[in-house]
Amino acid sequence: MIMSMIYSIIILLNFYILFHLGLIPLPPYLPLSTYYQSNPLPSDELFLKKEKRYPPLRLSPPPPYVPTFDHFVLAETWPATFCKIKRCVNPMPINFTIHGLWPNNRNSQPRNCQTIQKLDWNIMAGLKNQLNKDWPSLIKGSHNIVFWNEQWTVHGTCSLLDPYEYFYQTLKIYNKHNIRHILRKENIMPSRNPTLKHDIINAIVNHIHFTPQIRCVNISNQFYLYEIRLCLTASNNPQYKNCDTPFINCRHNNVYL
């Protein structure tokens, strides 16, 4: 054993002496790039092949709009009659104004539905000017925002629309047609003489091509036009449809504006 160790030391010493005398050449210099060309590192693709692959994340589509009611009703109030029975704002609007957009069933009306949607008027800021113009509270001393909050709480919460979409869609539908202009084109205007209630219905049918609903109020045994209501499909993009009942409380054929 001692002899083998001595022999190994002698060989190492000989190698050291010959190396320093230049009798043993160095191996040629190889740059790192040359080394990695002949011995490439594993690529990302090879790593990915070894790793478990997962399918790409897919976002779920929004839930479908499935209403729990038959149709919408856009109710437009005639200020001239409203101001005969209520203390009214001054000046009184000259056009029909929005009362509300109401989810409806044939024989009932859902109200005050539970919803996680909150009415944030900071988000609604872009609609306020148009709401003040088209959807004012007609009662003297009242505030428009109180009226809008009431309409959202009672009716909008049942619409399956978020608050912004509810008010936006209501304004959009209302501004498709100016009911006062439609009646005026058919020579139906406020006067001391009444108008046949069927003429009011026909005037609107001639322009929007669907049957509306008119509501009257009895003042001193004379029936006055109080509201015109347009019926629409129950969807997140409501379209006109025929109303099932054309008259509410219009007991006489003659109606005053």
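Modeller: Buried residues in helix 7 are P163, Y166, F167, Q169, T170, L171, I173 and Y174; buried means under 20% relative accessible area, exposed over 50%, partly exposed in between (1.4 Å probe, protein chains only). Helices (H or I, at least four residues) and strands (E, at least two) are DSSP runs, numbered from the N terminus. This is a predicted model: local features need pLDDT of at least 70, side-chain atom pairs 80 or more, while totals for chains, interfaces and linings use all residues. Residues are numbered from 1 along each chain as its sequence is written, and side-chain values use heavy atoms, leaving out hydrogens and water.

Colleague: Why does L171 count as buried?

Modeller: L171 sits in helix 7. It touches I98, L127, Q130, L131 and D134, leaving aside residues up to four places away in sequence; contact means heavy atoms within 4.5 Å. L171 counts as buried because its relative accessibility is 6%.

Colleague: How far apart in space are L171 and I98, C-alpha to C-alpha?

Modeller: I98 is on the contact list of L171. In sequence they are 73 residues apart, but in space the C-alpha to C-alpha distance is 8.4 Å.

Colleague: Which residue caps the N-terminal end of helix 7?

Modeller: Look for a side-chain oxygen by the backbone nitrogen of Y164.

Conventions. A polar contact is a pair of N or O atoms within 3.5 Å; within protein, one must be able to donate a hydrogen and the other to accept it, and residues adjacent in sequence count only if both atoms are side-chain atoms.
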